[in-house]
Amino acid sequence: MQKTILYIVIAILGLSSCQEEVRLDLKNQEIIPVIEAVWTDRASLNKVEITYTRNYYDTLDNPIEENAMVYITDLENGERIDFRFVDRLGYYLPINNASGNVGNRYRLEVIIGDQRYHSEGELLEPPVFDSLTYAFEPGRVFREEGYYVRMYGKIPFQDNNFYRVKVVKNDTLMNRRGDYLLFDDTFGGGILENGFELGGFTFQKNDRVKVEIYRMEKAPYDYLNQLVNLLFNDGGLFSPPPENPKSNLEADNGVGQVTGYFIVSSMISESVQIMGEEEP
Amino acid sequence: MLFVNSMIRIALTNRIKLEVRDKGPYWKANKMTFFTLSMYSNHLLLKITSTKFVCFIFLFSCLALETLAQEGNLVVGEVRDKATGEAVPGANVYWEYAPQKGTVTGSGGEFRIKVEELPRFLVISFMGYAQIKREIVEKDLDKPLKFFLSPDEMSLDEVVVSDRRPDSNVVSLELGKTTVPITQLKNIPALFGEVDLLRGLQLLPGVNTAGEGTTGLFIRGGSADQNLVQIDGAPIFNPSHFFGFFSVFNPDALDDVQLYKGHIPANYGGRLSSLVDISLKEGNTQRVKGEGGIGSISSRVTVDGPLFSDKSSFVLSGRRTYADVFLAFSPNENIRNNQLYFYDLSGKLMWRIKDKDKLTFSSYYGADYLGLSEQFGLGWNNWISSLNWNRTINEQLYLDVTAYHSYYNYLISFNDEDTGFRWNNDFSESGIRGQLTYLHSEQTQIHTGLHSQVYHFSPLNLNPNAGSSIEPISTNPRTGWQNNIFLNVDHEFSPTLSVEAGIRLSQYQQIGRGVNYLYEGDDPNTGNIIDTLSYSFGENMASYYGLEPRLAARYLLGEGLSLKGAYNRNFQYIQIATNSSAGLPIDRWVPAGRYIEPIRSDQYSLGVFKNLFNNQYEFSLEGYYKDFDRIIDLRQGANVLFNDNVETEMLAGKGWAYGVEWMLRKNVGNTTGWISYTWSRVFRQIPGINEDEPFNPRFDRPHDVSVVLNHKINERVEVSGTFIYTTGVAVTFPVGSYRVDNQRVPLYGPRRNEDRFPDYHRMDLSVNLKNKDKGRWWRGSWNFSIYNVYNRKNPFSYQFADIYNNDITASPGSGEEITSVRPGVIMTYLFGILPAVTYNFEF
């Protein structure tokens, strides 16, 4: 917001502000593993992806780690769920399509060579997600003309209100940096009860819209929040010094660097197809 | 011969009246109607003389006039002093073609001169004033003409009455203090032609900026909230307009600016790094005068004059931008409906009550507003008032009492059916300060006094509009009450050794109404609140005190050469919780409290001062070392705006800074200005940041060169130029990249600010062209300036992002087919070469 305002001010003043591409000499750091681990109550979403960082200007794909040992332990009953690397997909999947149970706590362990990494999280109960509605809205200053979708539901929890909303349009996940929708209870917990409009997403007639709500603990939520802030950080005066998002993964004994996240989450979704002027 | 001498006497009398009026100890002399002035080499001797002789000269002049006015077509007129409006008797009036057939003006400044044929050039001249030559045509015969003589500025330089001795640089106890004359400031080429006080101060050694497009001052390692910027004794919270592009001060309204960055006498306190002490101009007591300007983005006007008698005066000043006026002409409706403006108004009233008392009241109000299509609005205001009473108790004892109130508020409104809200906040400081000055002897001066101040930070309110789905938020108010007592003794032990010793005791309390949260293990870092304590109005919530010794000494090593040293301790009880470098209108100030301790600095400085060529050049070399304690920073991803538990987002640590400042300055003559070079370093060490190791804040810029030059080519043309060269700001660049959550993300190393922007450099030039002075009441001048003359692209920011189709403007959402993606770096720079023109006027 601050930067947007700044650029508006500059534009209105008619300043000679300009942008151009430059090549800066950047230092290179030794590569470190990036672990993206998702563990939910839906088997189809559960996976662990392990890649490596690379030099900033490299255009090659990030190297993938295929030989790690990956498993999740249910800390309620001690059950161990092993993951296996799937060549075709380039990531690890749980054996037997396993999934998590709401209310249980889980521990992830990843072993690469002689280095071990771990993280823990609780699979929290999802909120109530009743329905999706949509309505046609004429164009306004800050948004285009089109159909806008509204979510209805209820957040019955006092604590751990950290949510991510993913929007899938016609089977494509909306995943640009501006598509992140993260919310907590700073502005109250009544947000779903009054109908929460997905203001950043415009739809057209016949679009199929799927909305997924993930409820997670604070640590992975903070990671995602910091990730979005970093994606919008322009290194200018109005931005805080850029920092890597704080990972909730740790190397055993504190030796070895790692980035990424372990998201333990429940997921609840609703879908709607936009048919006409108003929803029937 | 006698006649000429007498005229010099009168002429200089008028001049001196203008200069010495209102200058404290001299003002009594003004009551004696006439002086005798004698000139010995470069010195002026002032002696009170009998008025009888001068009366005789007036009489003589009048008789002469009568004899001239006997026949023919007459040109009738009067001659007045432009500055005071008073009649100028004894001025020479003659036709250019026949200088021998002249006349002189009478006691009321009037003259009548015969003419045979028109048009002809009429010349008016008088000692001490610039000569006027005006073409007189037939129609001028119908009416009496008025001529306004302007003081001759060449001779003005020689009769400057100043409270600053020419050798003050060497003999004073001032260390790390700079006075910037407003006239000099006005000559510095300015961005958009807008003369800017804070940008002017940024050109001084020891003053850094965090980047282009910000007026924030970073002085000797201190951040922008460590400067006490005060107007007539009242602090101003946000001294900037347009998000920091311009500072809030209308240069025409200012009298004097003093920057203390080293030794701050014990009379002042409250901030760690500097005092920017600004005085608003007082109105003159002779006649109504004005000045102003019409610039590229704003216009300004200032009017001053006597109020009821010559014992009181007023000055009123206003300035407004007109970017939004141009917006209204845009064919695009979205642009047309936008609003962007700022304005400021200031005024000062002065009453001189009998001989011993003087009362002044100053007020400043400034507002900014940005509105986008009536949907989004952001506005902020500063309102400052200050009442000052000076009393001369006797010739040795003076009392100075100031009561002030400084208020700041902002409002953000968003009109939307679903998520509309109004978000506002305000805060203020009110205080009263009394100081007694006792001039014990020529060697000893004592200042002592009390200062009581209340900081109040109102609840931060977010109120949803009707039908909005968001819920209201309100934080708790925070109030601080600070009392200070100070004593400062200035003593000259011998002609070579002077010492100033001061002590300031500050006592601070956070008081109710308010709330203190109790955290698990009394550690706010846990974020786990175990209890909440509510306090009623005035109840003590937390208290601190600080003992602030201040010491300065000067030792004269020889003719025009001195060595000075100082030690200063300062405490600061309020600060801004931010982790960006630029100040924003919505910055959150937090007062010290149960978990947030006051910050402290200790500064040691040493300097060598030398004046050269009969005090024409001032040279200084100063070094300093400064320690900061309990400096705050924010943890990663901190949210401080809507957070009532702001202490949970803060980290505290220490800092240090050191540097050497070299400056050569010329204040007199046709060429003035300075050249300075600073080498300095700034460090912070805050557990939780940079792996707990020391790091440089963004504004650490080791090398800093400034050149500011002004040259007066002749009476009408002045040229000015500035050149700046500084090390680039300290920043963090990526050391790699990775993919996570479908995003390409730059990877940063564990250390903060170990990279640098390229060096910053820029040259600005300006020409000031005065219109020919034809003796009319209006005097105009044009200022043409060019910012960034050689179009240097100084980076404002670098963005590390994917570049699509080898085009920095392409993006996947734009509908264009994406054929290639690669990582890249996009630089933004704010200002290329930027010309501006301003018309300035005086009347």
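A nonpolar core is a set of buried Ala, Val, Leu, Ile, Met, Phe, Trp, Tyr and Cys residues joined through C-beta atoms within 7 Å, where a buried residue has 20 or more other C-beta atoms within 10 Å of its own, an exposed one 12 or fewer and a partly exposed one a number in between, with C-beta atoms placed from the backbone. The model is predicted, and local features need pLDDT of at least 70, side-chain atom pairs count only at pLDDT 80 or more, and totals for chains, interfaces and linings use all residues. Residues are numbered from 1 along each chain as its sequence is written, while chains are lettered from A and ligands numbered from 1 in the order in which they are written.

The largest nonpolar core has 98 residues, and among those that touch the most other members are Leu197(B), Leu254(B) and Val276(B). Because domain 2 (163-279) and domain 3 (280-796 + 832-842) of chain B both give residues to this core, it lies between them, the bounds coming from an automatic or database domain assignment. A second, separate core of 41 residues includes Trp39(A) and Tyr163(A).

Where the chains meet, contact (C-beta atoms, placed from the backbone, within 7 Å) takes in the residues tabulated here.

| Chain | Residues in the contact |
|---|---|
| Chain A | 67 residues |
| Chain B | 69 residues |

Strand 1 of chain A runs antiparallel to strand 51 (residues 821-829) of chain B, joined by five bridges, strands being DSSP runs of E with at least two residues, numbered from the N terminus, and pairing requiring at least two bridges found by DSSP. In strand 51 of chain B, Met827(B) stands opposite Glu20(A).

Of the 843 residues of chain B, 40% count as buried.

Methods
Two residues are in contact if their C-beta atoms, placed from the backbone, lie within 7 Å. Helices (H or I, at least four residues) and strands (E, at least two) are DSSP runs, numbered from the N terminus.
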